[in-house]
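Look at the sequence and the 3D view before reading on.

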Amino acid sequence: RSLLTNESFFLQTLRCRGGLGEVLVAPQELGDIATVTLGQALQGIMVTEGAFLCAEEGVDIQTRMQGATQGLFGGSGFF
């Protein structure tokens, strides 16, 4: 399915180590860029590979491969 929809095999988790931190994310299609503040109310977010643009120094970025079950039956497509 990912080959047909051009989706990614990888997911990135963005978490703030302490205090507040900002990250910039964007959709796969060209256009909008969003600033997301991580910290007190929102500890972390998960995005598909390529959506993450940049982050402040206190933000941890982890990349992992999406599992086959999640990719096939997760509703958003494999990857």
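## About the model

This is a predicted model, where local features need pLDDT of at least 70, side-chain atom pairs count only at pLDDT 80 or more, and totals for chains, interfaces and linings use all residues. Residues are numbered from 1 along each chain as its sequence is written, and side-chain values use heavy atoms, without hydrogens and water.

Strands here are DSSP runs of E, at least two residues, numbered from the N terminus. Strands of a sheet pair through backbone hydrogen bonds, either parallel or antiparallel. Two strands count as paired if DSSP finds at least two bridges between them.

β1 and β6 pair over 7 bridges, in the antiparallel sense.

## Thr13

Thr13 sits in strand β1 (residues 10–16). Its bridge partner in β6 is Gln62. Leaving aside neighbours within four places in sequence, Thr13 has contacts (heavy atoms within 4.5 Å) with Ile45, Met46, Asp60, Ile61 and Gln62.

Is Thr13 buried or exposed? Thr13 is buried, because its relative accessible area is 9%. Buried means under 20%, exposed over 50%, and partly exposed in between, with a 1.4 Å probe and protein chains only.

## The sheet around β2

Another open sheet has 3 strands in the order β3-β2-β5, and the pairing is antiparallel. β3 (34–38) and β5 (52–55) are the edge strands, and each pairs on one side only. Strand β2 (residues 21–25) pairs with β3 over 5 bridges in the antiparallel sense. Glu22 has Thr37 as its bridge partner in β3.

Key:
Helices (H or I, at least four residues) and strands (E, at least two) are DSSP runs, numbered from the N terminus.
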